[in-house]
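I set out to record, entry by entry, what I looked up in this structure.

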Amino acid sequence: MKRLQSLLLGIDGKGYKAYRQLTGTYRFDDFRLQVDHVQGDPFASPSRMRAVMPWSEAGLPDGAREPASRERAARDWLGRAFREAARETPDIRIDAGGQTVLDRTAVLFTGDGVELRFTVNLPAKGRTILGKTARDLLCRTLPRIVRATLRPEYRDDDALRGHCDTVEDQGALRSSLAEAGLVAFVADDSILPRRSGVDDRPLEEAVAFRAPESLRVTLDAPNAGAIAGLGIPAGITLVVGGGFHGKSTLLSAVQNGVYDHLPGDGRDRVVARDEAVKLRAEDGRAVHAMDLSPFIKELPFGKSTRAFSTALASGSTSQAAALQEALELGADPLLVDEDTSATNFMIRDARMQALVAREEEPITPFVDRIAELRDRLGVSTILVMGGSGDYFGAADTVIQMHDYQPRDVTAEAHRIAREYDTARHMEAPEPLRAPRPRVLATRSVDPAGKRGKRRVKVRGVESLEFGDDVVDLRALEQLVDPSQVRAIGLLLPAAGAAGVADVDDVPAWFRAHLQRPWEELTGRPDGDLVRPRLAEVMAVLNRLRSARFRPGATPPGE
Ligand code: ADP
Ligand code: MG
């Protein structure tokens, strides 16, 4: 630390470039500071540093290092503690996250100890180094923040344990879904609505959720014990109800149930199976060599849809593509909301069938495939549909949202389905089958732009610039953290970088790759990455205009 101090005082008043000499390692009393990257000027992205405190000094409480869910929670909690300790020091920042508890690189547990990864904006007046200010920042303020985060005498270990308990319970609830025959679970007393579209915290004075008796199940959590709530069974679940009664809010909570949430979030006992994928219409997106034939027979002029590509999909085509892509990667359940669906993909009623002949309509609506998805492919669906009763016949469970509360109206909906014939006829021309496989030419997934310069730029969860491509991410509702997008930008070229020219089973390749430890996934010690799900990696890849897929071998029997 003495060396760092004299170095900083020595470059006081010099040009900003003199900060470059800081790169290296410095020993403090109870931790080591590593300066990995020094910013080139005061306006560039801030400098990247790490502090590593050995286990002997940090001494975390029992149950903070295993099992894996608690370890992830403990790392998350320490990142938040660092952010809190640095609240009045805007020049020192850590990527600590929002309402979700994700696998982040901001805090890692290694063989050496606890590693904190953060950025420091090195102080200057104009382009002149402020050496004394930098000395105070790095040799006084920073050690105080590191110690407030990690030293047992400053740490709130009860809060740390509570955080780990809550996260471990969510993982346990999620893992117990399959055995209980459920695809999702919403505990009694959960708070589902959020404050606003840009504020993910729980809505104040919201109506707490309460399961109807007939759908109430009790699951066991290791820390909280028995938890009662709504169990959404495998199969087809329809969510109906008047406008503004909370249908979409329930589905949003379920789609976010693939992630763990903070204690007090209101969704910290709302879980969905890991493979749950939200599908929606997204006109204008790209589609690559995707088999849309189960939903779109052929296009005008007889163009085949067995390996359909477009740079500009329509609403119905984009939703069919999203569904087939979800099946390709093993999604289950599928989550669909009428608010974000293409009407002609979802329904085609008797009157329209009478007017426009089957031969003139290439689309097989979802209503004629939903039962086959369940029966032939074993894939469940949760569907919000307040505007059409055509799905009543297929649904196994019908939940009505009324004044933000769920009611079980399954029997009633089934009675209505028997009594009021929809008068429409099934339109599926041939049995549903899994989408035809695709092969990815990995060379096409290259962040180097036309002029050869590597470009990966993340704008929140809104868009990713990748080479010369700009991928619009706004329809990917299960992307919740910009650091997931940064990691996806880093992971997409990995197959090519590993020297693999073609990948036959793209989801399998990325699934295996995503499970590797952080050190193997990232070259440099970045502190602002979050491990994404396979579904989001594939979703970004599928929307990348420059990506080149071609149809794979046709499965036997077709
Ligand atoms: P729907 O999809 O049935 O039309 P939404 O789910 O969009 O309805 O909800 C309508 C409004 O009600 C939203 O502004 C939402 O924040 C609010 N809301 C939803 N659930 C609750 C609740 N439990 N308590 C209070 N407000 C809620
Ligand atoms: Mg809605």
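**Conventions.** I worked from a predicted model, in which local features need pLDDT of at least 70 and side-chain atom pairs count only at pLDDT 80 or more, while totals for chains, interfaces and linings use all residues. I number residues from 1 along each chain as its sequence is written, letter chains from A and number ligands from 1 in the order in which they are written, and take side-chain values from heavy atoms, with hydrogens and water left out.

**Entry 1: ligand 1.** I looked up which residues come nearest to ligand 1. Among the 13 residues around it, the nearest are Val 207, Phe 244, Lys 247, Ser 248 and Thr 249; a residue is near if one of its heavy atoms lies within 4 Å. I sorted this shell into six nonpolar residues, six polar ones and one charged. In that scheme Ala, Val, Leu, Ile, Met, Phe, Trp, Tyr, Cys and Pro are nonpolar, Asp, Glu, Lys and Arg are charged, and the others, Gly among them, are polar.

I then listed polar contacts (pairs of N or O atoms within 3.5 Å; within protein, one must be able to donate a hydrogen and the other to accept it, and residues adjacent in sequence count only if both atoms are side-chain atoms). A polar backbone atom of Phe 244 is 2.7 Å from an oxygen atom of ligand 1. For Lys 247, a polar side-chain atom lies 2.8 Å from a ligand oxygen. An N or O atom in the side chain of Tyr 404 is 3.5 Å from an oxygen atom of ligand 1. On its own, ligand 1 has 560 Å² of accessible area, and the protein covers 74% of that; the areas come from the Shrake-Rupley method with a 1.4 Å probe, and for residues only the protein chains shown count as cover.

**Entry 2: the magnesium ion.** Which residues coordinate ligand 2? I found Ser 248 (OG) and Asp 339 (OD), at 2.1 to 2.3 Å from the magnesium ion. The pair links distant parts of the chain, 91 residues apart: Ser 248 is in helix H6 (residues 247-256), and Asp 339 is in the loop between strand E23 (334-337) and helix H8 (343-346). Helices (H or I, at least four residues) and strands (E, at least two) are DSSP runs, numbered from the N terminus. Donors are N, O and S atoms within 2.8 Å of the metal (3.2 Å for Na, K and Ca), and water is not among the atoms, so the site may look incomplete.

I also checked accessibility, where buried means under 20% relative accessible area, exposed over 50%, and partly exposed in between (1.4 Å probe, protein chains only). Ser 248 is partly exposed at 23%, whereas Asp 339 is exposed at 57%.

**Entry 3: Glu 325.** I located Glu 325 in helix H7 (residues 315-328). Is Glu 325 buried or exposed? With a relative accessible area of 5%, Glu 325 is buried. Its side chain makes a polar contact of 2.6 Å with the side chain of Arg 285. Leaving out residues up to four places away in sequence, Glu 325 touches Arg 285, Met 290, Asn 542 and Arg 543, where contact means heavy atoms within 4.5 Å.

**Entry 4: Ser 293.** Ser 293 sits in the loop between strand E19 (287-290) and strand E20 (298-299). I noted Ser 293 as buried, at 10% relative accessibility. The side chains of Ser 293 and Asp 291 are joined by a polar contact of 2.6 Å.

**Entry 5: helix H12.** Seven of the ten residues of helix H12 (residues 482-491) are buried, so this helix is largely enclosed by the rest of the structure. The cover over its buried residues includes strand E28 (456-459), helix H14 (506-514) and helix H16 (534-543). At the N-terminal end, Asp 481 caps H12, with a side-chain oxygen 2.9 Å from the backbone nitrogen of Ser 483.

**Entry 6: backbone features.** I recorded a cis peptide bond between Glu 66 and Pro 67, with omega about -5°. Another cis peptide bond runs from Asp 332 to Pro 333, with omega near 0°. Ala 289 is not a glycine, yet has a positive phi of about 45°; it is found in strand E19. Asp 403, also not a glycine, has a positive phi of about 50°.
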